[in-house]
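Student: Hi, could you walk me through this structure? I'd like to ask things as they come up.

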Amino acid sequence: MITVENVSQLILRHRASLPEVPIELIGPAADRLFREIATPIRPVKLATDRFGVFRVLEKMGADVRFEPWAKTKNSLACIILNLPREKARLAMRLHEASARLAPGGRLFLAGANRAGIKSSPRVLDQFFFRVEKRDSARHCTLFEASDTRSGKPFEPNDYEHRWTLDVPGASVQIASLPGVFAHGRLDLGSALLLDSLQALQPSGRILDFACGAGVIGLALLATGASGEVTLLDDSALALECAGRSLEINGLRANRLASDGLSEANGRYDWIVSNPPFHQGVNNDLDVARAFFRDAGTFLAENGRICVVFNRHLPYGRWLRESFNRVEILAQNREFTVLSARNKQ
Ligand SMILES: C[S@@+](CC[C@H](N)C(=O)[O-])C[C@H]1O[C@@H](n2cnc3c(N)ncnc32)[C@H](O)[C@@H]1O
């Protein structure tokens, strides 16, 4: 039984007053809201940039797309947007939504109070002349916006920020978009992992698990890793950045949309990762726990896993529960880099 999340319950309270027109639900929770608000003259289409959410909704029979933003231009009369879990992503989402609304179209923005929805009118005002608070319940708030300001057309490239990652012997350009992990910069944990990998020179089949903009996999490729690199992430935005980064540098790798290891197959000689540790405001460690439990089944016989994580996280313990021959490769006040091989 899939529960209806608080933010969806708040939207449901307004089911009767939603316009009887096709609705697009962007960034929805993985629940049955879409079924509850659909009517014969109000079909509901969905779009999400989280692969795990996409799979759940698809299984429920939803008309759902997995994408960082809509690839087709259309005029919509009503959009319901869930506050993106990364704050930095809101302006880009609202810009896109305002550009896709037909004249007279209405946008509803819903989100949890602790995720910062109450400060969203500041951003809504940049794209709409009329912004009203409609409701507040279940620790969530709903805004309605209409009367689009006709500003610059929505062009994702305008949001791209390129930065240079210097690794010994190579320079890599990374394409970053707001909302991607460590937007526009190298995370300090990832930097420590890259330092450690330099001496190890991974080669063969390499999986960069939770790749974000592709920093780790691209650094390995640029410094001559031989073999096949796969960049895996649950986020369509991250995979978009990784794809752009590969293209700018003329490098090749597979990109794999996957919720945890759900879509991984075969065995890897190396699994390298700075694994996820939160979902927006939630410190949700389930993805990492499942990763440490299952990663060994995707390692080749002499395969090796190399991970970096913040020292306050229980990842070292989880790694040791599934692997032996665990080595500390680097450590500083904030981060630990561990390498491990399968139990034999
Ligand atoms: C700590 S970041 C690391 C990003 C990148 N490797 C780097 O070093 O900059 C973790 C990544 O995990 C991804 N992620 C979150 N949940 C995930 C899941 N269920 N499956 C796969 N990746 C996930 C996020 O989208 C994010 O890109």
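Student: Which residues touch the most other members in the largest nonpolar core?

Tutor: Keeping in mind that this is a predicted model, the largest nonpolar core has 87 residues, and among its members L107 and L165 touch the most others.

Student: And where does this core lie relative to domain 1 and domain 2?

Tutor: Domain 1, which covers 6–153, and domain 2, which covers 160–342, both give residues to the core, so it lies between them.

Student: Back to L165, what does it touch?

Tutor: If we leave out residues up to four places away in sequence, L165 touches A170, S171, V172, I174, L186, L194, V215 and A219.

Student: Which residues does the second core include?

Tutor: That core is separate and has 25 residues, including L232, I305, L313 and Y315.

Student: OK, new topic: how many residues surround the ligand?

Tutor: There are 20 residues around the ligand, and the closest of them are S190, A210, D233, D259 and G260. Sorted by class, this shell holds nine nonpolar, six polar and five charged residues.

Student: Which atoms of S190 and A210 lie by the ligand, then?

Tutor: For S190, a polar side-chain atom lies 2.5 Å from an oxygen atom of the ligand, whereas for A210 a backbone N or O atom lies 2.9 Å from a ligand nitrogen atom.

Conventions:
Residues are numbered from 1 along each chain as its sequence is written. This is a predicted model: local features need pLDDT of at least 70, side-chain atom pairs count only at pLDDT 80 or more; totals for chains, interfaces and linings use all residues. Side-chain values use heavy atoms; hydrogens and water are left out. A residue is near a molecule or strand if one of its heavy atoms lies within 4 Å of it. A polar contact is a pair of N or O atoms within 3.5 Å; within protein, one must be able to donate a hydrogen and the other to accept it, and residues adjacent in sequence count only if both atoms are side-chain atoms. Ala, Val, Leu, Ile, Met, Phe, Trp, Tyr, Cys and Pro count as nonpolar, Asp, Glu, Lys and Arg as charged, and the others, Gly among them, as polar. A nonpolar core is a set of buried Ala, Val, Leu, Ile, Met, Phe, Trp, Tyr and Cys residues joined through side-chain atoms within 4.5 Å. Buried means under 20% relative accessible area, exposed over 50%, partly exposed in between (1.4 Å probe, protein chains only). Domain bounds come from an automatic or database domain assignment. Contact means heavy atoms within 4.5 Å.
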